[in-house]
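Biologist: Before we discuss individual residues, please show me the model and tell me how the terms are meant.

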Amino acid sequence: MTLSIGFIGAGNMGRPFIRALLETGFRVTVHDYDPGCERWVRGQGAQWAATPAAAAQDIDVLITCLPLPEQVRETMIGRNGALAAPVDDDVDREVVWIDTSTTDYHNTLDIARMAAPLGVMSLEAPVSNLSHMGVDFNNVCFYVGGEKKAYDKVRGVLDAMGQYSFHVGAIGQGQSVKLLTNLLFYCATLAWGELLLVAQNQGLDLRWLWNVAKTSRANCFVVDQVTPMLLDGSYDHSCTLEITVKDMALTVALADELGVDLPLGRLTEARYRQAGGLYPARANHLKVVAMMEAENQRRLLIEGFTAPSPYGADRNYRHPDTFDVDARGRRKPSLPERFGYPLSHPACGRYAQCLLEVMAWTNHAILQEALQLGRAMGLEPSLLDQVVSRSCGASWVDDHRDRYVPHGAVLQDLPRLMESLHLPILRALDLDAVVACQPVRQAS
């Protein structure tokens, strides 16, 4: 029997999911708060519903994909909310609600308690990776919390929308895992933004540095995929600033609940909150780097450069049909030749090595905080490894954590390179801790 799906939220994340479900053969009815989405929805071959309640009528699975906790709550229990959908007593149907939003798990639990008497089983299934590397290219991983029976029933639906799904435990565990992986991504964004400002201040070619960094120990999701959105001044259209501010606030609240220190994470939250007070809520999420640029009276923009992504400055960009797949099965579109860059460079010396080594050390430092948070959640080590490696927090350091050793001598150049720049994340790094990580040399 083909499952009937109600889907609420046709934004950047929701649209690729909807297309994937239709292509797999599911019957899909869609609602979005923006009535302008109706034309797109019908053009894809889905049905349009004017209210959440209408989208939830006579379905087997309800999926919500929304930016903020209050929107999830309003959609489910507000006026004309999904839980108000009429139930056909003549049909023996047990509905599963899957919330793919990153939200407050207390909110999910509260809605789940209201949904249970109505015969609705609830799952949280927050999504790893941004649209331009997760949803668009089927690299999505779902971290699913809730009853195993419900997960087993909708496994085929999750498989249609993404590459992997993990049942991580009860409701709350899924959101906690997602916040852990977001912590890695958001902190790396701030650190790399600051390092690019240092590089520019030292006269390094930023486009060259991006290409070198991708093949170095510094590489991570941010270095590889986010850098072009900074160099073309688009600040990445795939995600809004209000979402990042919300996510980091939830992460710090979780750390408080579990008694985890999270020093870099708390500084990251403060910086995003600061950016949220300076720019509109719907501004692109990398506006946090625009704040850094303004503080340092610099601009990372490279004239004439456009990111190889439809979420960059060239919204009409289309990826080639060829993909690069790494040893862990993660895939990304191949870059056209015009994005290549000679790796030999007159400034390819100690300064660049220092900056790349600092990025690797930052990825290591924030990984330790994330792992501490995961252990406090009670996650099994093997599961913790998998969820990090499949997320937008993936990095070279994580892939090689069993043999990563920082190059302390190179890192010691950082204080001099920062000069008078305002760089809160880099200045908070505990470079003295590097000494403790150095291998002990045996006397000859």
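Modeller: A residue is called buried under 20% relative accessible area, exposed over 50% and partly exposed in between, with a 1.4 Å probe and protein chains only. This is a predicted model, in which local features need pLDDT of at least 70 and side-chain atom pairs count only at pLDDT 80 or more, while totals for chains, interfaces and linings use all residues. Residues are numbered from 1 along each chain as its sequence is written, and side-chain values use heavy atoms, with hydrogens and water left out.

Biologist: Is F17 buried or exposed?

Modeller: F17 lies in helix α1 (residues 14-24), helices being DSSP runs of H or I with at least four residues and strands runs of E with at least two, numbered from the N terminus. Its relative accessible area is 0%, so F17 is buried.

Biologist: Which kind of aromatic pair do F17 and F142 form?

Modeller: Rings of Phe, Tyr and Trp (its six-membered ring) pair if their centres lie within 6.5 Å, and planes under 30 degrees apart count as stacked, over 60 as edge-to-face and the rest as tilted. For F17 and F142 the centres are 5.7 Å apart and the planes 40° apart, which makes the pair tilted.

Biologist: And which kind of pair do the rings of F185 and F221 form?

Modeller: F185 belongs to helix α7 and F221 to helix α9 (residues 221-231), 36 residues apart, and both are buried. Because their ring centres are 5.8 Å apart and their planes stand at 75°, the pair is edge-to-face.
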